[in-house]
Every structure is written in structure tokens, then in C-alpha cells.
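Student: Could we go through this structure together? I would like to start with the overall fold and then turn to single residues.
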Amino acid sequence: MRHALILAGGSGTRLWPFSTAALPKQLVPLLQGRSLLEIAIERATSVVPTEQVWLGVGEQLRSAVSSMPGLRVDRVVVEPSGRNTLPAVALGCAVIAAADPDAVVAVLTADHLIEPVDSFAATLADAFGLAEARDDALVTFGVVPDAAATGFGYLELGEPLTGAARIVSSFQEKPTAALARSFLAAGPSRYLWNSGMFVWRASTLLRAVDAFAPDAAPALRALGAAYGTPAWSGLAATAWPGIAKVSIDYGVMEPASASPDFTVAALPLAARWLDVGSWPAYGEAVGLDASGNAIGAEAAVVLDSRHCVVASSDPSHLVTLIGCEGLVVVHTPTATLVVPVEQAQRVKELHGLLQDRYSGLA
């Protein structure tokens, strides 16, 4: 059967102060009172039944997601602690495989805006079909770049495979500005942004983990088989901490793309894809007015200002700007952030300072 595994473990530090350790960005009602996770669950259930939608989260979010609309509590896979995406994905796939040995799994994200949903669902159906037809396939989704972005990884495309699918010849990490410009100039027939979403048979992914992460594979298989049983707590305490922190791209997808035992394929995502991972990206998701301002506050007055992002989580608090250009202004009941748009990526740097000085507000 077809399943969806939504990963919701990111911390979202670049969206502070909306996103905090206690309430990370995927749970914050960022868009018209709805959270990105709610939107992601709705998107997944447009493709697979509710009982086949799974959620991977950290222990600290267990209670927060327990009453999430459209999600069954027995489909929540809780990691004992964050260890990057390879352990998260492998654990989720192992748990799903224990319930359905023939499972084909779409690994989806909880912090992206993808529209229209119908186009996304059509691409996802193609990916499911490819994974069902080939037991060596590890399918990823590529996004057509519209800028020389340095904050995304890139997929280098090789030979055609079937339909719109292309072989991935290499994975390119977040590039320099000059390299990103060359990728953009080469066009989408050569380079796509790496969306971080995948489709594969659960058994194929676990076989790839056996091949490329042999030190972690036995523990991850054992943890998956034990999930929900009395054996879980002991294994979680003893085996999980010894699993290396590594991303699924670096640990599995990159070596698999060079292996004759696996076929790494990319499908272009025929939809608008926005990684809502920074305040400028949030501004794009909210939409711009005639002056290029993005207003994500119920009470805001902006006078003679351009290209600003204004956000507030407090509808009773009025935010005002006069004569400003290119600023991010964010208000919450506990913190206020003001930063030039072009330096918005430094919010992550600021968050590191806050953890030392004001840990309760970080």
C-alpha cells in the first residue's frame, strides 16, 4: 500500500520569535490561522488515506501533535531525540514496514508550502508508480529554480529514465553564489533544487541503509520492529543514542546515486514550492501588497514603506512602520525582532546567542 511519512522535527530557528523550542515553526499558525503541519497533513491525505499518513516527531512534540486534525495518534512515530534525517526517515520506514511489509512510502516535509495541491498529487502519484515498478528506485522531487539560491541543495540530472523522471547523477550541496548562478544558467534540464522529499519502497530504503550506514542499520531495524511494544523503551535508551547524526541526502542518497545497486531518480515538481524557512520566505507565502510589503499581522499600519515583512502573533497589538524599506519587523508577546531583509538569515546566528542568554525565550 501507499503511505506518507511527514517529518516534523525541524527547529525553525530562522523564524524566531514566532518559532521557539516549545512551539517550532511547523506548529505555529503562520498562514491564515493554520500551521504548516496542518496544511502538510491535509496535502498528504489528498493522496493516501488518513490511516496511512504517519508523522515523525521528536519527544518534545508528542503532546502538541496528539490532537492534530486529520492525524491518527497511532500513526505518530516519536524519536527519543533529534539525530538528523537519516535516523528519522529510517525509523519511520522501519515502523511502517513492520505494519505493512510491502509499503511504498512518500517522505514529505512539514515546513513547505506547495500549490496547487492537485499538481503535487499528480507528481506524487507518478513517483509512487515508479517506486512500485522498480525495487531499486529511490525517487526524489526536484524544483525548477527561479533564482540563484545558495540556501538550497541542487540535483544534477543525468539520463532520462521513464516519463518525466531523470537519473540523478550527483547531489550538489548549498553552493557559492557564483556556482548557484552557473546552475541557474544551465537550466532545469540540468539542475533542479533538492526539495528534500522522497518516494521509495520501505524495504528498498532499509536495504540502502544496510548498504551505506551499516553501523546504524541493525539498531534502526530493531527499533522499528520494537516500536509500540514493551521492548521499545529499553532499545530507545540504549541503541538510539549510539546512532550517528547524519542527513538522508549525505548518508544514503549521495552514495546510492553512485551505486549500481540502486537507481536514484528525480521528478520535477509541477507546483509552486516554497520553503517557509525564513522571514523573507514567509513574506512570499503571505503575499505582497502594491509596495512590496508582506503583512502577516491582524493589526498593522504601514506608511510610506516598501519591501518590508511585518508579522505579529498578537491580534490586540498594533504594529506601525513609517518610511521604512527592506525591514523585517516581528512582534510576539515575549519578543520583538527587527532586522534588514538582506540579513534575515542571521536570525539563526542570533538564536544561538539567545540560547546562552535567554534560553527560556529561544
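The conversation below moves from the whole chain to selected residues.

Tutor: A word on conventions comes before the details. This is a predicted model, in which local features need pLDDT of at least 70, side-chain atom pairs count only at pLDDT 80 or more, and totals for chains, interfaces and linings use all residues. Residues are numbered from 1 along each chain as its sequence is written, and side-chain values use heavy atoms, with hydrogens and water left out.

Student: How many helices and strands does the protein chain have?

Tutor: There are 11 helices and 17 strands in the protein chain. Helices (H or I, at least four residues) and strands (E, at least two) are DSSP runs, numbered from the N terminus.

Student: Why is the chain called as compact as a globular protein of that length?

Tutor: Its radius of gyration is 21 Å, close to the 21 Å that the globule rule gives for 362 residues, so the protein chain is as compact as a globular protein of that length. The radius is taken over C-alpha atoms, and the rule is 2.2 Å times the number of residues to the power 0.38. Along the principal axes, the C-alpha atoms fill a box of roughly 60 × 50 × 35 Å.

Student: What share of the residues is buried?

Tutor: Buried residues account for 52% of the 362 residues. Buried means under 20% relative accessible area, exposed over 50%, and partly exposed in between (1.4 Å probe, protein chains only).

Student: And which share of the contacts comes from residues 24 or more positions apart?

Tutor: Such pairs make up 64% of the contacts with a separation of 6 or more. A contact means heavy atoms within 4.5 Å.

Student: Now a single residue. Where is D111 found?

Tutor: D111 is in the loop between β4 (104–109) and β5 (112–115). With a relative accessible area of 19%, D111 is buried.

Student: Which side chain does D111 join in a polar contact?

Tutor: The side chain of D111 makes a polar contact of 3.3 Å with that of K25. A polar contact is a pair of N or O atoms within 3.5 Å; within protein, one must be able to donate a hydrogen and the other to accept it, and residues adjacent in sequence count only if both atoms are side-chain atoms. Leaving aside neighbours within four places in sequence, D111 is in contact with K25, L36, L274, D275 and V276.

Student: Is H331 buried or exposed?

Tutor: H331 is buried, at a relative accessible area of 12%. H331 lies in strand β16 (residues 327–331), and a polar contact of 3.5 Å joins its side chain to that of H317. Not counting residues up to four places away in sequence, H331 touches several residues, including F18, D314, H317 and T336.

Student: Changing topic: which residues does the cis peptide bond with omega of about 10 degrees join?

Tutor: That bond joins W16 and P17, and P17 is in the loop between β1 (2–7) and α1 (36–44). Another cis peptide bond, with omega of about -5 degrees, joins E115 and P116. P116 is found in the loop between β5 and α4 (117–133).

Student: What is phi of N84?

Tutor: Phi of N84 is near 75 degrees, a positive value in a residue other than glycine. N84 is in the loop between β3 (76–79) and α3 (85–99) and is partly exposed, with a relative accessible area of 41%. D304 has a positive phi of about 50 degrees although it is not a glycine, and D304 is exposed, at 65% relative accessible area.
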